[in-house]
Amino acid sequence: MIRGRVGGLSITEAFGGLLICLLVALFGDDSQLTLSVFVLLLGLKLVWTGDGLFVLPAAYAFHWVETSIGLIYRAAFGREVPTFVQSDYRPMVLIALGCCLALAVGIRLGLTLIKVDDRQDRPEFAFSFGFVAITYIISIFFEGTLIAIAADYPSVRQIIVTADTARLGILFLLLRRLLTPTPRWFWIGGILALEVTLGITGFFAGFREPLVLGALALLEIFDRRNAKHWAALTAAMVAGVAIGLLWMGIRGEYRRNFIAIDNFETSRSARLQSIEALSMGFLHADSESTWETADTLVDRMWTVYYPALAVERVPATIPHTHGEILSAALVHIVTPRVFFPGKPELQSESEKVRKYSGVFVAGAEQNTSIAFGYAAEAYVDFGVPVMFIPVLAFGLAMGCTYRLFERLIMHRELFVAFGTVAFWMSLYLFERSWATMLGIALGMMVYLGGPVVLLDRFLMIRHDRDGRNAEPLLYGDEHPSSL
């Protein structure tokens, strides 16, 4: 057996990565695609945490997908989306890949700076299975309620939105319990089907997170020799792509129903009926219509079009802003509206697209916003290569924060649930602005991480005092073996 390491990579990893890149170079006929695959493989290695969790690699991979999916789609199916012909996309793809790499390097530095003592005696479970199941059932009745009322309370909107996200942590805890010691596929499938239904009947695409959480929970116990594990992971990926395609095909008409039909927003049954009717129409469409929907989905996910136009105009037509956008975002997140109710609103994403990309897109007057993204903002602010410094700094902060919470939260399942939800929500989207990305990350760490640490401390007091004789409803390590 060949043993050894090359620059931190094992011989097998280095050889496998090189082989994949060579195959892409030979059959992909696109140097940028080869570079993109290299950035993916290197980034996945850099963000690997070594603690059995896959949230950082998964978030990085999705982040990377939004920079490269157009290249992959063209290589796989020979179809070009409008971005290829309507913009000089190549410079922006290189910038986007640079951002991915800077983010990964920053995360690796952060993970390395703070050490976690693996020898500590850490309780595995914080709650009994029954308590988790009951809490999840109760949370279903509040699904979407907090988001709906958040707009009425702008001063505490971020707190309300973050509290609503905590429901995903409860879902993740339940899925983890159902996967061990023996997976209960029937219950897992039923819960995910329910969550996808709840998600797709909302205004936004809320079906993605349950599938991602299910896949991340499965990866924790994944056995490469187990055919059922492969089948479940494949099913989650296929379901994600299929539902995403369906949503893209019906969302325009479905969203119009929110405006055109009375009580549509408040009636779950009306929304289900609308989804069913629109889905039947989409499924009976001809193949060319389906391909056109796939083109639209890929072009929507490949968020380089407007940034590419901005790269052409800055600094040739419009000068760099020398940090104005990032500075405004930093001021915005350190002055929470709960303490500064009179602070002004940030410039909308659509206004940035109009100014820097030169395209008059729909904006606040149409109650919408077109994504510009942190990469475009960083380029407009500083240009290459200085723009990569704040991206690296953000990655560094996220890597340090990950290890910090791993040290602070003693119960394994509490850290896994918090870490998975908080770091997925904070990192997975490439298209976010600085203000949104920094705001979500800070909100997750303060409004969700803080309470989780306090809860963990309370449970550790009980654990140290009572050990295994603690109250079973609130504390226990039994498995759902009775299901």
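**Figure 1. Contact between helices α5 and α14 in the predicted model.** In this predicted model, Tyr 89, Pro 91, Met 92 and Ile 95 of helix α5 meet Pro 307, Ala 308 and Val 311 of helix α14. The axes of α5 and α14 come within 8 Å and cross at roughly 105 degrees. Sorted by class, the residues of the contact between α5 and α14 are seven nonpolar, no polar and no charged. Two packed helices are described by the angle between their axes and by the distance between those axes.

**Figure 2. Contact between helices α5 and α17.** Helix α5 (residues 89-113) also packs against helix α17 (residues 374-382), at an angle of about 105 degrees and with the axes 10 Å apart. The two helices α5 and α17 are therefore roughly perpendicular to each other. From α5, the contact is made by Met 92, Ile 95 and Cys 99; from α17, it is made by Tyr 374, Ala 375, Ala 376 and Tyr 379. By class, the contact of α5 with α17 holds seven nonpolar residues, with no polar and no charged ones.

**Figure 3. The largest nonpolar core and the surroundings of Trp 434.** The largest nonpolar core has 128 residues, and among these Phe 423 and Trp 434 touch the most other members. Helix α5 gives the most to this core, with 13 residues. Beyond its neighbours within four places in sequence, Trp 434 is in contact with Leu 326, Ala 329, Tyr 374, Glu 377, Ala 378, Pro 390, Val 391, Phe 394 and Gly 439. In soluble globular proteins, nonpolar side chains tend to be buried together. Over the protein chain of 483 residues, 47% count as buried.

**Figure 4. Contact between helices α11 and α13.** Helix α11 (residues 227-260) packs against helix α13 (residues 287-301) at an angle of about 100 degrees, and their axes are 9 Å apart. That angle makes α11 roughly perpendicular to α13. On the α11 side, Gly 244, Leu 245, Met 248, Gly 249 and Arg 251 take part; they meet Thr 290, Thr 293, Ala 294, Thr 296, Leu 297 and Arg 300 in α13. The classes in the contact of α11 with α13 are four nonpolar, five polar and two charged residues.

Figure 5. Arg 251 lies in helix α11. Because its relative accessibility is 24%, Arg 251 counts as partly exposed. The C-alpha atoms of Arg 251 and Ile 275 are separated by 9.0 Å, and these residues are 24 positions apart along the chain. Ile 160 is found in helix α8, and Ile 160 counts as buried because its relative accessibility is 14%, where buried means under 20%. In the protein chain, residues 24 or more positions apart account for 75% of the contacts with a separation of 6 or more.

Figure 6. A cis peptide bond joins Thr 180 and Pro 181, with omega about -5 degrees. Pro 181 is found in the loop between α8 (157-179) and α9 (185-200). The peptide bond from Val 384 to Pro 385 is also cis, and its omega is near 5 degrees. Pro 385 is found in the loop between α17 and α18 (388-408). Most peptide bonds are trans.

**Figure 7. His 322, a loop residue with positive phi.** His 322 is found in the loop between α14 (305-313) and α15 (324-333). The phi of His 322 is near 55 degrees, a positive value in a residue other than glycine. Most residues other than glycine have a negative phi. Because its relative accessibility is 69%, His 322 counts as exposed.

**Figure 8. The protein chain as a whole.** The protein chain has 20 helices and two strands. It exposes about 23700 Å², and carbon and sulfur atoms supply 65% of this area.

Terms used. Residues are numbered from 1 along each chain as its sequence is written. This is a predicted model: local features need pLDDT of at least 70, side-chain atom pairs count only at pLDDT 80 or more; totals for chains, interfaces and linings use all residues. Side-chain values use heavy atoms; hydrogens and water are left out. Helices (H or I, at least four residues) and strands (E, at least two) are DSSP runs, numbered from the N terminus. Buried means under 20% relative accessible area, exposed over 50%, partly exposed in between (1.4 Å probe, protein chains only). Contact means heavy atoms within 4.5 Å. Accessible areas come from the Shrake-Rupley method with a 1.4 Å probe; for residues, only the protein chains shown count as cover. Axes are lines fitted to C-alpha atoms, for helices over the stretch in contact, and angles run from 0 to 180 degrees between N-to-C directions. Angles under 35 degrees count as roughly parallel, over 145 as roughly antiparallel, 65 to 115 as roughly perpendicular and the rest as oblique. Ala, Val, Leu, Ile, Met, Phe, Trp, Tyr, Cys and Pro count as nonpolar, Asp, Glu, Lys and Arg as charged, and the others, Gly among them, as polar. A nonpolar core is a set of buried Ala, Val, Leu, Ile, Met, Phe, Trp, Tyr and Cys residues joined through side-chain atoms within 4.5 Å.
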